[in-house]
Protein chains: 2
Amino acid sequence: MTQTSTKPPSGTRDFLPDDMRRREHVMRVVREVYESYGFEPLETPAFENIETLLGKYGEEGDKLIFKILRRGEHEASGTADLALRYDLTVPLARVVAQYQAELPRFFKRYQIQPVWRADRPQRGRFREFYQCDIDAIGSTSPVVESDLLAAVSEVLGRLHFESFVIRLNDRRLLTALLDCAGVAEALHGDALVALDKLDKIGADGVERELLQRGVSAEATRQALTIFSGAVTDPADSDAVLTRLEQAVAGHERGGEAVASLRGLLTLTEGTAAREHIRIDPSLARGLSYYTGAIMEIAVTDLPGSLGGGGRYDQLVGMFLGRDVPACGFSLGLERIIVVMQERDMFPAKVSRSPVDVMIACLSDPLRPEAMRLASELRAQKLRVEIYPESGRKLEKSLKYAVARSVPVLVIVGEDEQAKGSVTVRDLDTREQTLVDRDGAASEIARRVRLSVEH
Amino acid sequence: MTQTSTKPPSGTRDFLPDDMRRREHVMRVVREVYESYGFEPLETPAFENIETLLGKYGEEGDKLIFKILRRGEHEASGTADLALRYDLTVPLARVVAQYQAELPRFFKRYQIQPVWRADRPQRGRFREFYQCDIDAIGSTSPVVESDLLAAVSEVLGRLHFESFVIRLNDRRLLTALLDCAGVAEALHGDALVALDKLDKIGADGVERELLQRGVSAEATRQALTIFSGAVTDPADSDAVLTRLEQAVAGHERGGEAVASLRGLLTLTEGTAAREHIRIDPSLARGLSYYTGAIMEIAVTDLPGSLGGGGRYDQLVGMFLGRDVPACGFSLGLERIIVVMQERDMFPAKVSRSPVDVMIACLSDPLRPEAMRLASELRAQKLRVEIYPESGRKLEKSLKYAVARSVPVLVIVGEDEQAKGSVTVRDLDTREQTLVDRDGAASEIARRVRLSVEH
């Protein structure tokens, strides 16, 4: 009859109820924790004017933006005026510029929405995925960084992640280290791209790439000593900081960056983040808009990260014309869910039946009575489904209720009606009893609660 | 510095925290009620393959679909392969066709997601808006229609809507009435478009339009008698049904449609929907895929509707190749919110401060101590914000906390530290007391609760 594919578009997914319950469990925890830190909800449109997005994510990023065709008479031009959101940070910067007067001076917002990237789809990488962002706007205080790290750590702790690592670095320190290694300033960007691959391609691979990109042999050697040395002993952050202090000795802004990291480390001592933090001078982070602290969260055995962030004091300025300090962190919902599913970390309640009571009605004239009983049961805070087809035989509805793992089936039939009662069947124990129609709702509620507790 | 506009794209909106809290309040109620009826959550991607959407919404609908430009080397072609979701019903039909084997036989799903239509933006009409849909798949039983109407009525009741009206009709009855009025079958579509405007352009206007569209003078007169007669006395549904029965006397399928409406009316007697239902033979509903009952909800003083729906037993068949019975209802989130805001229907808690306690830290070295206290307060289920800048003067943080309507300010300073205590200030009464640092968290929690209750 039709040839249309019924699959979702390449790189996207449909979330059936079981998926949705897992996703909502994670999002609920994220929201609760972020709100407990004083972050407030924000949402922005799925698409932005195309010029809002272009030029913010680097050349590679621009290529991955989904563009929307002009409409009406302009459709034929084949050009785009709108584009789908690529992340939640650039829309936030636009919002901050637009609503300056209405927003609090220290604006702390969270935003949980999908973003779209036309990446080549592959295992665990999607074209539509959710980001859970927190950002604090308006302050240069390291209290902001500490607060973000504490909040993210608490989210992961509440989800029962235990052995995650927060890699912490500073963009200014990276610059200083490259200066001290003798890498020419014009090559800093190239060098960071190469050094960022240390854990993927090893020291030999990085050496080759640095030389290829035009870094001198001496600077390459120096850079590798500084960066790979640091990674081999990441556990003791204080020791790493001392060594970094020596590495940037005499470089003024390098010294400031180390002092800033040390201050931040001290600040986190009162929080859940501290035990997870590892100062890691090899952390570079892809996006170009970072200006200070940068951070990323990894769990053992999962390639890539659960999320990352940093300070970006100049992005809002691209929209507003004057800089506004800002710092943020983004958790990737799908990566969290992948790990939680693989490691069986979801609580049992997430997979409980979505229905507490099913009502089977054995004859059509009794249907209004079944609807009435359903209303009464819902008033008892139960989730109630009426088996839609009525008929004398119980078999079908019973089988269906069992297949759906419903704990209790209530039978509304002529016999029951004649006795002023309903039949209540516990689908676990298979016990079946007649219950007075008066007060049936509260009695059934009592039994459901008993059954669920077992 | 930059010329980029910071406004959201035409027809879309940014939702700042106050908007978000109102939206979340409504969505929470919608979700809770729908779940209590056994509906389960579903989400589909923002975009679909373009052929999934085209041809499903009529010619006018097709024009309003946002299309996404092909990517990479195909971008230059100026053509589209994807398109943004136009409603939640067509994606559901695709999902039902794709996951037949995994879904329960009677699949009841709710879906709360944005849809996009390239309509001309105007007051209360947006290009991005949320729909809250419930649909029940797999049964032809009128229990389904009754359940949907009960659920939607309960949502509106819980949101404190009182005087809403559910207009109820049946597509098969419309066909029969047009047959009986003598409207040629080929003109049924045209006639319905005209008759749908009865409350907008009046009987005279509709008469003119019917004649223009080629309906004979006699059929026009007959149709107007049937349709406008019904609207003048919509309150007594039983009386309306009796009159309709006479109007379709001798028309077999017309008689069946009236009987079916009468049955549905009886079925709703045990539900919250019954008192709101008005049988209204002039209700047509725009979308062409309806096959049975159709319904729409209106409130006085609001042009247009809060939502609508109906039975569509043939849409899934467009994807699956064989028909699957289905019936659904869609509530418009934005219209509900517009009415609730105009009528001041939101509960006070929605506009409460997002922060329970603000901590002001009077010196940098005490910041880790402030972070620690914040952790302890969050463990008491309080929402805590640390004023990010520390300094000897309290003035700024105090002013900020008052402006943000925070009930309690806690001061961490050198003097307090020396006494092993913190200062707690009630920003409502302006009372300020010294509280022992040990046990400070639970004492502060107690005071916040007192303050919020006032």
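**Which residues point one way from β10(A), and which point the other way?** In this predicted model, Gly307(A), Gly309(A) and Arg311(A) point one way from β10(A), while Gly308(A) and Gly310(A) point the other way, and all of them are buried. Strand β10 of chain A spans residues 307-311, and since five of its five residues are buried, the strand is largely enclosed by the rest of the structure.

**View 1. Strand β10 of chain A pairs with strand β9 and with strand β11 of that chain.** Strand β9, made of residues 293-298 of chain A, is joined to β10(A) by four bridges, and the two strands run antiparallel. Within this pairing, Glu296(A) stands opposite Gly308(A) in β10(A). The pairing of β10(A) with strand β11, which covers residues 326-332 of chain A, is also in the antiparallel sense, and it extends over five bridges. Here the residue to look for is Phe329(A) in β11(A), the bridge partner of Gly309(A).

**View 2. Helix α6 of chain A is mostly covered.** This helix runs through residues 171-181 of chain A, and eight of its eleven residues are buried. The buried residues are Arg171(A), Arg172(A), Leu173(A), Leu174(A), Ala176(A), Leu177(A), Leu178(A) and Ala181(A). After α6(A) comes Gly182(A), which has a positive phi, near 90°.

**View 3. Eight strands of chain B form an open sheet with mixed pairing.** Read across the sheet, the strands of chain B follow the order β1-β5-β6-β11-β10-β9-β7-β8. The edge strands are β1 (40-41) and β8 (277-279) of chain B, each of which pairs on one side only.

**View 4. Chain B touches chain A through 86 residues, which are in contact with 86 residues of chain A.** On the side of chain B that touches chain A, the largest share comes from helix α14 of chain B (residues 367-379), which supplies seven residues. Sorted by class, this side of chain B has 39 nonpolar, 22 polar and 25 charged residues.

**View 5. Chain A is divided into two parts, domain 1 (17-342) and domain 2 (354-453).** The C-alpha centres of these domains of chain A lie 53 Å apart. Taken along the principal axes, the C-alpha atoms of chain A fill a box of roughly 95 × 60 × 45 Å. Chain A has a radius of gyration of 29 Å, whereas a compact globule of 454 residues would have one near 22 Å. The secondary structure of the chain comes to 17 helices and 16 strands, and buried residues make up 45% of its 454 residues. Among the contacts in chain A between residues at least 6 apart in sequence, 67% join residues at least 24 apart.

How values were computed:
Residues are numbered from 1 along each chain as its sequence is written. Chains are lettered from A and ligands numbered from 1 in the order in which they are written. This is a predicted model: local features need pLDDT of at least 70, side-chain atom pairs count only at pLDDT 80 or more; totals for chains, interfaces and linings use all residues. Two residues are in contact if their C-beta atoms, placed from the backbone, lie within 7 Å. Ala, Val, Leu, Ile, Met, Phe, Trp, Tyr, Cys and Pro count as nonpolar, Asp, Glu, Lys and Arg as charged, and the others, Gly among them, as polar. Domain bounds come from an automatic or database domain assignment. A residue is buried if 20 or more other C-beta atoms lie within 10 Å of its own, exposed if 12 or fewer, and partly exposed in between; C-beta atoms are placed from the backbone. The radius of gyration is taken over C-alpha atoms; the globule rule is 2.2 Å times the number of residues to the power 0.38. Two strands pair if DSSP finds at least two bridges between them.
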